[in-house]
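Here's my note on the model you sent over. Keep the structure open while you read, and click on each residue as it comes up.

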Amino acid sequence: MKPFEKIPPDNLEENVLCRIKNLESALSSIKKSLAQSPEGTLCISKSNNSVQFYNRKKTPFGSSKKHYISVKNTKLLVQLAQKSYNLQIKPSLEKELLLLRQLLDISVPHNSCSIFEKLPESAKTLVFPLTFPDDQYASFWQAEEYTKKGIIPGSREFFTAKGERVRSKSEVIIADTLQRYHVPYRYEYPLEIHENGFDRVFYPDFCCLNRSTHREFFWEHFGLLDEQEYSFSVTKKLNLYIQNKIFPGEKLLFTTETSESALNVKIVELLIKKYLL
């Protein structure tokens, strides 16, 4: 059965580090741009549906004076506008960067998984952890029993490397590639879909688990896209997925082929590396 987790795993530290890197890069570019910016501040005046631009510069006496800028002087207008924007955004970025660095400095000696894993084996059987270790979660997930759609007797036989019967050569490729990358999956796991006020059951080709995030993805392979009737059914199916808030790239993956363009295992691998590892 699928274990219920009160706190699913996250990539907080990885996301924070990525954000810090982006902020540092942006601030570096902003500082360089400001160092090369022209003197003065852009001022905009609007009168009688006419917009006029001025450059406000400081005088040697501590006051300031506005200098008219022609709209033809695009380079100066762009430089001053960008300078104004950079001066406004820079403090916000610096504040965010400081807070994120402080967040990383907070000492968290153990996460919920590591604490659970350090328990004696006899105690682990008595504890329901907030977050399951990846291997244990995947084991529970993989062990869930379910009823597949079933294959019509007499149909052509296709078997995966682990001996599971599937419907096509392309599904063999997908299943064996998932297996090769150690991605847990369920073949034709039932999924309840709502359509026009009624419930119906889909059997996505594969239901896959990302072991590190514990997220599920449905994977459909559409193999006859050059057949008009089949392509119509694919369009309807994809629309139903979206209507049920199962969005491509978020919870739904799919591969395609035609009679002239076979399934490319490299595409399968790219999807696995992007979403399932």
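The points below go through the cores and then the largest pocket.

1. Before anything else, keep in mind that this is a predicted model.

2. Start with the largest nonpolar core, which has 19 residues. If you want to find your way into it, look for Leu178, Phe206, Cys208, Trp219 and Leu276, the residues with the most contacts inside this core.

3. Which helices and strands each supply at least two residues of this core? They are α6 (169–180), β6 (185–187), β9 (206–210), β10 (215–222) and α8 (265–275). The one that gives the most is α6, with four residues.

4. Phe206 deserves a click of its own. Leaving aside residues up to four places away in sequence, Phe206 touches Ile174, Ala175 and Leu178, among others. Its contacts also include Tyr185, Arg186 and Tyr187, as well as Phe217, Phe218 and Trp219.

5. Now for the largest pocket, which holds about 890 Å³ of space. Its lining counts 32 residues, and Glu171, Asp205, His221, Gly223 and Tyr230 lie nearest the centre.

6. Who builds that lining? At least two residues each come from α6, β8 (198–202), β10 and α7 (228–243). Here α7 gives the most, with six residues.

7. What classes of residue line the largest pocket? There are 12 nonpolar, eight polar and 12 charged residues.

How values were computed. Residues numbered from 1 in each chain as written. Predicted model: local features only at pLDDT ≥ 70, side-chain atom pairs only at ≥ 80, totals over all residues. Heavy atoms only, no water. Core = buried A, V, L, I, M, F, W, Y, C linked by side-chain atoms within 4.5 Å. Buried < 20%, exposed > 50% of the residue type's maximum accessible area, 1.4 Å probe, protein only. Contact = heavy atoms within 4.5 Å. 1 Å grid on protein atoms, 1.4 Å probe; cavity = no way out; pocket = protein on both sides within 12 Å on 5 of 7 lines; lining within 4 Å. Points joined across faces, edges and corners; volume = space filled by probe spheres on them. Nonpolar A, V, L, I, M, F, W, Y, C, P; charged D, E, K, R; others polar.
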